[in-house]
Amino acid sequence: MLDIKNLTRKFGGIVAVDDVTLKIEKGEIVGLIGPNGAGKTTLINLISGYYYPNEGKIFFNGKDITRERPFVRARMGIARTFQNPRLVGNMTALMNVLYAILGKEGGRITLHEASAEAMYYLDFFGLLKKRDVLAKDLPIYEMRLLELARALALKPKLLLIDEAMAGLNPAEAERVSSLISRIREEFDLTIVWVEHVLRILMRSVERVVAMHYGKIIADGRPEEVSKDKKVIEAYIGEEL
Ligand SMILES: Nc1ncnc2c1ncn2[C@@H]1O[C@H](COP(=O)(O)OP(=O)(O)OP(=O)(O)O)[C@@H](O)[C@H]1O
Ligand SMILES: [Mg+2]
């Protein structure tokens, strides 16, 4: 589904993503880990089109999308969430999801149909009762759920999650991880999931890719990657 070839993105003197080559098969759920500044978000930004690479190519279902703009990639089936929720604060929870659906569907859907869809996704994440609350007034847990609802409402084939559990308490983090497992099954999704809460991530995914200084340092089953010497060294001083 996703074929990344020799991708490099620099910011001044920093090589945030350094010659990354990676393939993701349809139906996979892949955890993307690495210490702060490893290049995880930059890789998500490159796949979703928020940044363009200096070098390398990205293919999605065989098509070269390296230079496609984010909304084109969204229409092709790539959706994402943001590490720092990027909701429209002064719009209600419902409007945030509705706005995304209308933006994607344009004139192909009536307002009535789009509203019904938005309500469905809010309900899936337990946010129906919060539909009239302004996004900026939601607690962080519900902001993260709303980010997921909005991404899912785009009916993606590939969902990129950039930290769904940051700032949540352990019980909330558990609920988010079980919702992610459920959406993968019910919506037939391929998922790339960046997360620092490794304890939960490692048991929720089937494959883990570890980055450090912009490079992939390990790629394999969670139990293999968590024992990998390079990964342990990269994480010295952090949780593993
Ligand atoms: N827009 C930008 N301008 C300048 N430098 C950037 C930019 N985006 C990322 N970087 C730098 O690129 C490197 C990788 O950052 P990135 O945000 O991708 O890391 P990350 O793995 O997501 O880290 P974290 O776990 O803290 O979210 C860092 O050194 C960061 O400072
Ligand atoms: Mg990040």
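Analyst: Start at Leu32, whose bridge partner in strand β9 is Val209. That bridge links β9 (residues 207-212) to strand β3 (residues 29-33), and the two strands pair in the parallel sense over four bridges. Two strands count as paired when DSSP finds at least two bridges between them; strands (E, at least two residues) and helices (H or I, at least four) are DSSP runs, numbered from the N terminus.

Before going on, note that this is a predicted model, in which local features need pLDDT of at least 70 and side-chain atom pairs count only at 80 or more, while totals for chains, interfaces and linings use all residues. Residues are numbered from 1 along each chain as its sequence is written, with chains lettered from A and ligands numbered from 1 in the order in which they are written.

Now widen the view from β3 and β9. They belong to an open sheet of six strands, ordered β6-β7-β8-β3-β9-β10, with mixed pairing. The edges are held by β6 (78-80) and β10 (215-220); each has a single partner strand, so one side of each has no neighbour in the sheet. On average, neighbouring strands here are turned by 20 degrees against each other, ignoring direction; such angles, from 0 to 180 degrees, lie between the N-to-C directions of axes, which are lines fitted to C-alpha atoms, for helices over the stretch in contact.

There is another open sheet to explore, made of four strands in the order β2-β1-β4-β5 with antiparallel pairing. Its edge strands are β2 and β5 (63-64), each with a single partner, so each has one side without a neighbour in the sheet. Follow strand β1 (residues 2-11) here: β1 joins β2 in the antiparallel sense over seven bridges. Asp3 faces Lys23 of β2, and Phe11 stands opposite Ile14 of β2. Two residues separate β1 from β2 in this hairpin, and Gly12 in the turn has a positive phi of about 55 degrees. β1 also pairs with β4, antiparallel over five bridges, where Ile4 has Ile58 as its bridge partner.

Next, find helix α1, which lies across β1, β2 and β4 (55-60) and runs at about 60 degrees to β2. Contact between two residues means that their C-beta atoms, placed from the backbone, lie within 7 Å.

The pair Phe11 and Ile14 leads us on to ligand 1, as both are in its shell, along with others including Gly34, Lys40, Thr41 and Gln83. A residue is counted as near the ligand if its C-beta atom, placed from the backbone, lies within 6 Å of it. β2 (14-24) and α1 (40-48) each supply at least two residues of this shell, and α1 gives the most, with three. By class, the shell has four nonpolar, seven polar and one charged residues. Here Ala, Val, Leu, Ile, Met, Phe, Trp, Tyr, Cys and Pro are nonpolar, Asp, Glu, Lys and Arg are charged, and the others, Gly among them, are polar.
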